[in-house]
Structure formats: C-alpha cells, structure tokens
Amino acid sequence: MAYSEKIQSRSIDPAALEMLARAEELGIETAWDRYEAMLPQCGFGELGVCCRNCNMGPCRISPFEEEGPKKGICGATADIIVARNLLRMIAAGAAAHSDHGRDIAHTLLLTAEGKGGGYEIKDEAKLKALAAEYGIETEGRSKEEIALDLARAVYAEFGKQEGPIQFTRRAPQKRLALWQSLGIDPRGIDREIVEIMHRTHIGVDNDPVNLILQGLKASIADGWGGSMIATELSDVLFGTPKPIKSEANLGVLKEDQVNIIVHGHEPTLSEMIVAAAQDPEMLALAEKYGAKGINVAGICCTGNEVLMRHGIPPAGNFLQQELAITTGAVEAMVVDVQCVFPALGTVAGCFHTKLISTSPKAKFPGATHIEFHEERAYEIAKEIVRTAVENYRFRKPGQVRIPKEKSECMVGFSVEAIVSALGGTLDPLLEAVKSGAIKGIAGVVGCNNPKIQHDYGHIHMLKELIKQDVLVVTTGCNAIAAAKAGLLLPEAADLAGEGLKGVCKALGIPPVLHMGSCVDISRILVACAAIANALGVDISDLPVAGAAPEWMSEKAVSIGAYVVSSGIFTVLGTVPPVLGGPEVTKLLTDGAEGVVGAKFAVEPDPFKAAQLIVNHIAEKRAALGI
Ligand code: SF4
Ligand code: MSK
C-alpha cells in the first residue's frame with residue numbers, strides 16, 4: 001500500500017505504517033505527531049546546558065552567541081551542568097531498574113513466607129546456585145527456607161552502607177580490581193543513587209570527572225546489582241528461559257478473541273495475567289460474550305518477560321503502544337511501570353479499550369486503576385482479565401483494523417540456554433570466535449525514538465553486523481524489532497556471513513539471540529564475564545561491543561554507563577544531551593578508554609555504527625592475537 005511521504009518516513013515496519021495511516025484517518029494523535037509539533041527542540045536541552053538545580057536559576061549556558069552567559073548564577077560551567085544533568089539521568093535509570101529488582105525480591109520473600117498469592121519457586125537449581133553465591137546453607141533445607149534467606153540477603157543489597165554488592169563479584173578479577181582502584185566498586189544500590197542526588201545539589205560536587213565517576217559507580221550498582229537481581233530472582237520465581245517459538249507484530253492480535261495487552265516492565269503481574277487468561281472460568285466467560293478465547297500479547301519489556309518464558313507474542317515495541325490500541329481490537333491494555341505513554345488514555349478513549357493501571361507507583365490519565373498486590377496476585381489478575389473479557393461486547397467491529405503482519409521468532413536465550421545449545425560448555429563459542437568464524441559478539445539493545453525512523457536503526461544495524469560475522473545478542477525493544485523482522489529465526493542465518501552462518505546452522509540457532517528484557521542486559525554481562533574468565537582476560541580485552549541505535553530512556557543512559565564501565569565499547573544512535581560540555585564529551589568518547597578500557601561513540605547512521613563495531617572487534621582480535 002502506498003502511504004504519504006510523511007507516514008513512510010515514520011517507520012520501516014509495514015504494520016506500524018498501516019496503523020499510522022489509520023490513526024491519521026481517525027484523527028488520532030501519536031508520538032510522531034507530538035514530536036513534529038515539538039520541533040525545533042530546545043537547543044539548550046539538546047546540549048545538556050540548562051540547569052534547574054536551584055531556584056537562583058533556571059540557568060543556561062549559551063554556546064550559540066559570543067555574548068551569552070558562560071556560567072550559571074552559582075558559577076557552574078557548561079561541563080559542570082552537563083555532568084550533573086547526566087548523573088541525574090543515570091540516577092533515575094538505575095533507580096527504575098533497581099526498584100524493579102527490589103519488587104521481585106519482595107515477591108520472592110512473600111512466596112517464601114507462603115504469602116505470595118499464587119507464585120511458586122519454579123527454578124530450584126538456580127535458587128540453590130544463588131544461595132551458594134550468598135553463602136546460604138542449602139543442605140537438607142526446603143526451597144522456601146532457602147528462598148527466605150536469599151530474599152533477605154538480596155533485599156539487604158539495596159540499603160547496604162558498605163559493599164560489596166554480591167553479584168559484582170561475578171566480574172572478572174581484573175575488572176573488579178580496576179573498579180576498586182578507581183573507587184567505583186559500588187557499596188549499596190540505593191546509597192549510590194542517593195549520593196548522586198546529593199552530589200548534584202547546588203554547591204556540592206563541581207568537578208566533572210569526579211561527578212562522572214560517581215555516575216559510573218551507580219550504574220555498576222544497576223547493571224551488576226539491581227538489574228541482575230531482577231533477572232536472577234525472576235528466573236527463580238518464573239523459570240529460567242529456554243528456547244521457545246512465538247510470533248511478533250500487530251498481526252498477533254486476534255479478531256475473534258479477547259485481546260489483552262500487557263505493557264511495562266515487571267513480570268510479577270504479566271505472569272499472573274497469562275495464567276488467569278487460561279483459567280477455565282475466564283475462558284467460559286469469554287465464550288459467553290461470543291469470543292473464541294483470550295489472547296494475551298505484549299508491548300515493551302513486560303512483553304519480553306512473558307515472551308521469553310511462555311512464548312506470549314509481542315504485539316510491538318515501544319513506539320507501537322498507541323498503534324496497538326488503534327487496531328480497535330484491544331479490550332484492555334494493562335500497564336505497570338516504565339515506558340508507558342501518558343497519552344494512552346486519550347487513544348483508548350477513542351475506542352472501547354480499557355487502559356488499566358496496576359502499580360501504586362504509576363497512575364495514568366484516563367486509566368481504570370486496579371491495584372496489584374503480590375499477596376493476592378492471582379485473584380487480582382483474574383479481576384483484570386474479567387474486566388477485559390466483559391469489555392469484549394463493547395468492541396465495535398466496524399472500528400477493527402488489525403494489520404496482517406507478523407513474523408515467527410525463536411526466543412528464550414538465557415545464558416543457561418545458550419550454554420545448553422552449545423552442548424553444555426562455552427567452548428564451541430570460544431572456538432568459533434578464535435577461528436574467526438564468529439568475528440565477535442555485539443549486544444544491540446534499547447528503545448525506539450521518533451528522532452529515528454521506527455526500527456530503521458535497529459534492523460539495519462543487526463543485518464549489517466550479522467553480515468559481517470558478528471553474533472548479536474539482543475534485549476528490550478531492539479529484540480522485538482528483530483523478532484518482527486524475522487531475524488530471530490535460525491533461517492535468518494542465511495543473511496549472515498559465511499562463518500556465522502555455518503555456526504548457526506550447525507547449532508540450529510538464530511544469528512540474533514533474544515536474551516530478554518532491559519534488566520536482562522545483566523545476562524549479557526554474565527556471559528561476557530564467563531568468556532573473559534575462560535580466556536583469562538578482562539572484559540575490555542574481548543572482541544565485543546554494545547549498541548543502542550534508537551535509545552530514549554534514562555534507563556538506557558544507566559545501561560550505557562554500566563556497559564562502558566564493564567569495559568565494553570558502546571555506540572549510541574541518538575545523541576545524549578552532553579555536547580554542550582566539551583570536557584565531559586571528550587571524557588565519554590575518548591578519555592574513558594584510558595580509565596575503564598572502553599568508551600562511547602555516537603553514530604546515528606546504523607551502517608556506519610555497525611562499521612565502528614566491526615572495526616573495534618577487529619582491533620580487539622588483533623590485540624588478542626586471534
Ligand atoms: Fe543556576 Fe547553579 Fe542554581 Fe544550576 S545550581 S540553577 S547553574 S545557580
Ligand atoms: S521497554 S527502556 S523502550 S528498550 Fe524496556 Fe523498550 Fe527502552 Fe522501554
């Protein structure tokens with residue numbers, strides 16, 4: 001179908017284009033419209049040189065005019081302001097991931113105490129392995145007893161005053177020693193976030209380098225702390241993902257079934273929605289209202305969580321949240337926390353769709369609030385599913401327009417699943433890397449952002465990397481983009497270079513491995529640590545790189561910071577608000593290499609960005625002599 005130039009420029013995904021045209025036809029405003037209305041965006045904001053940290057301000061440094069102010073009222077320079085602003089982004093991102101981790105720890109605690117409203121411990125082997133890491137006795141004890149001790153120990157990580165955070169001890173010895181020598185081995189998760197807020201208050205830390213180091217420290221507490229806790233304890237409670245097939249894109253919505261979309265981040269609620277949607281009582285109710293079943297689909301990372309563990313199909317990634325409702329076929333969009341547009345209520349109001357908020361931390365205009373509490377999890381999930389089912393009769397068939405597009409995908413590549421696909425050890429992967437069949441590994445992750453044509457950055461970077469024999473691991477909205485484009489199938493190996501193609505065909509795996517949600521980037525860290533340890537080197541010596549081609553969230557800033565702190569070169573596709581601070585920019589894109597062994601690059605063109613990664617991998621291979 002031919003769309004206007006304006007619509008075409010917004011996405012490369014045919015399903016998204018169809019819904020964008022439909023939204024225009026119905027007069028429904030989307031994020032792309034609001035982005036265009038926002039142009040030109042504030043130049044001070046783009047450069048990161050505005051400060052509102054005290055009420056003598058707001059202040060902004062003017063890099064544009066000779067005459068404009070070069071210091072804030074307190075005397076803060078552009079670099080000080082840029083560094084402080086960046087740190088506050090890291091604090092918010094680390095807080096979001098870590099609060100998610102804390103909630104999972106809370107669920108484990110309740111489950112161990114017998115108060116979890118329907119949860120059980122699904123992966124006892126992982127529970128015991130984690131307990132061993134924490135020095136918790138497992139012999140002759142029930143899984144609940146072990147889980148209680150583990151949950152308490154993990155809970156304590158957040159409020160610790162003195163470190164270490166246990167999972168940081170998974171980093172290779174050299175990395176750990178480096179963090180310690182730099183003073184960035186984090187103490188407690190909450191402590192590092194609080195210290196950012198303190199240091200960025202007016203008149204505290206005014207040394208850009210000292211500030212950035214604290215940012216790295218808090219980000220490590222996220223990646224190797226809060227996020228890793230979220231991943232590991234989710235595996236204990238809900239099962240460690242194994243390869244599973246599914247489908248992705250708006251075409252997974254069903255015309256003759258009740259469609260429930262779970263959107264947000266935490267698996268606690270979505271797991272229960274998936275279970276409640278299979279409850280015979282709910283299915284009978286759906287039948288009563290004339291529906292042929294109850295179809296659960298996902299958006300963003302709560303979608304990734306249930307995709308990885310149950311094969312629940314994702315309806316789309318971040319920028320498709322409004323478009324999913326625009327199909328007119330969604331009975332309920334159930335949201336928890338993070339990446340949920342406050343605009344959803346307005347779009348839902350154009351249809352019969354109920355927007356259901358569930359977290360006491362996250363309420364939305366136009367939403368029905370059905371508060372979720374873990375103690376009554378299944379009961380509340382049933383209430384939510386019932387609300388959706390009862391809403392089916394209000395669907396207006398004339399309004400329904402579900403795009404046909406959907407692609408098959410194979411997901412569920414936890415580290416454990418990758419090791420198992422390799423026959424029980426990492427050796428075949430290491431051999432393939434050493435022989436050059438696989439040149440290196442890239443972690444490509446992150447959001448969508450209307451500053452970049454939807455999915456363009458993701459898909460072109462992925463294709464370019466696999467073509468050049470770089471194995472890709474993916475999470476978050478990049479993973480959903482890859483699923484929609486058919487890149488998560490073993491057959492996609494045909495698009496890879498000869499070396500990678502051979503390895504994928506021999507193992508029956510896709511060239512792009514879906515490792516989970518945003519917090520599951522911690523799985524990539526664990527994999528990198530295992531590879532570095534196997535080779536007896538630091539992570540910064542490995543032929544690996546990271547990329548976030550369409551990132552937008554503060555969580556992504558924290559992720560980028562902990563990935564670089566872990567020694568991994570990272571390419572960003574959208575420009576972070578730091579360019580107004582020349583010293584900070586130079587530190588992040590150059591100086592950091594001499595400090596943590598890795599740096600950032602910014603490259604919006606995914607082909608050029610992929611080439612930066614390929615070049616970096618070649619340099620690392622040469623240094624390793626492979
Ligand atoms: Fe202005 Fe300094 Fe206050 Fe920021 S902290 S608003 S730069 S006076
Ligand atoms: S959901 S943080 S838009 S990846 Fe994790 Fe997607 Fe980015 Fe949210």
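A residue is counted as near a molecule if one of its heavy atoms lies within 4 Å of it. In this predicted model, ligand 1 is surrounded on that basis by Cys51, Asn53, Cys54, Met56, Gly57, Cys59, Gly72, Ile73, Cys74, Ile81, Arg84 and Ile202. By class, this shell comprises eight nonpolar, three polar and one charged residues.

Turning to the open spaces, the largest pocket has a volume of about 910 Å³. It is lined by 30 residues, of which Gln41, Asn449, Lys451, Met552 and Pro577 are the closest to its centre. At least two lining residues are supplied by each of helix H3 (31-38), helix H4 (43-47) and helix H5 (78-112), and the largest share, four residues, comes from H3. The lining has 18 nonpolar, eight polar and four charged residues. Because domain 2 (250-399) and domain 3 (413-624) both give residues to the lining, the largest pocket lies between these two domains.

The second largest pocket, with a volume of about 350 Å³, is lined by 20 residues, and those closest to its centre are Arg170, Glu232, Val415, Glu416 and Val526. Two or more residues of this lining come from each of helix H6 (124-133), helix H10 (208-238), helix H17 (415-421) and helix H22 (521-535), with H22 giving the largest share, six residues. The lining divides into nine nonpolar, four polar and seven charged residues, and at least three residues are drawn from each of domain 1 (85-238) and domain 3 (413-624).

The largest cavity has a volume of about 290 Å³; of the 31 residues that line it, Val445, Ile521, Ala547, Ile559 and Val563 are the closest to its centre. Among the elements that each supply at least two residues of this lining are helix H13 (300-310), strand S11 (440-444) and helix H23 (554-565). The lining comprises 23 nonpolar, seven polar and one charged residues, and since both domain 2 (250-399) and domain 3 (413-624) contribute to it, the largest cavity lies between them.

The second largest cavity holds about 210 Å³ of space and is lined by 18 residues, with Leu86, Leu572, Pro576, Leu588 and Phe600 the closest to its centre. H23 gives the most to this lining, with four residues, while H5, H10, helix H24 (582-596) and strand S16 (600-602) are also among the elements supplying at least two each. The lining has 15 nonpolar, three polar and no charged residues. Domain 1 (85-238) and domain 3 (413-624) both give residues to the lining, so the second largest cavity lies between these domains.

Notes. Residues numbered from 1 in each chain as written. Chains lettered and ligands numbered in written order. Predicted model: local features only at pLDDT ≥ 70, side-chain atom pairs only at ≥ 80, totals over all residues. Heavy atoms only, no water. 1 Å grid on protein atoms, 1.4 Å probe; cavity = no way out; pocket = protein on both sides within 12 Å on 5 of 7 lines; lining within 4 Å. Points joined across faces, edges and corners; volume = space filled by probe spheres on them. Nonpolar A, V, L, I, M, F, W, Y, C, P; charged D, E, K, R; others polar. Domains from an automatic or database assignment.
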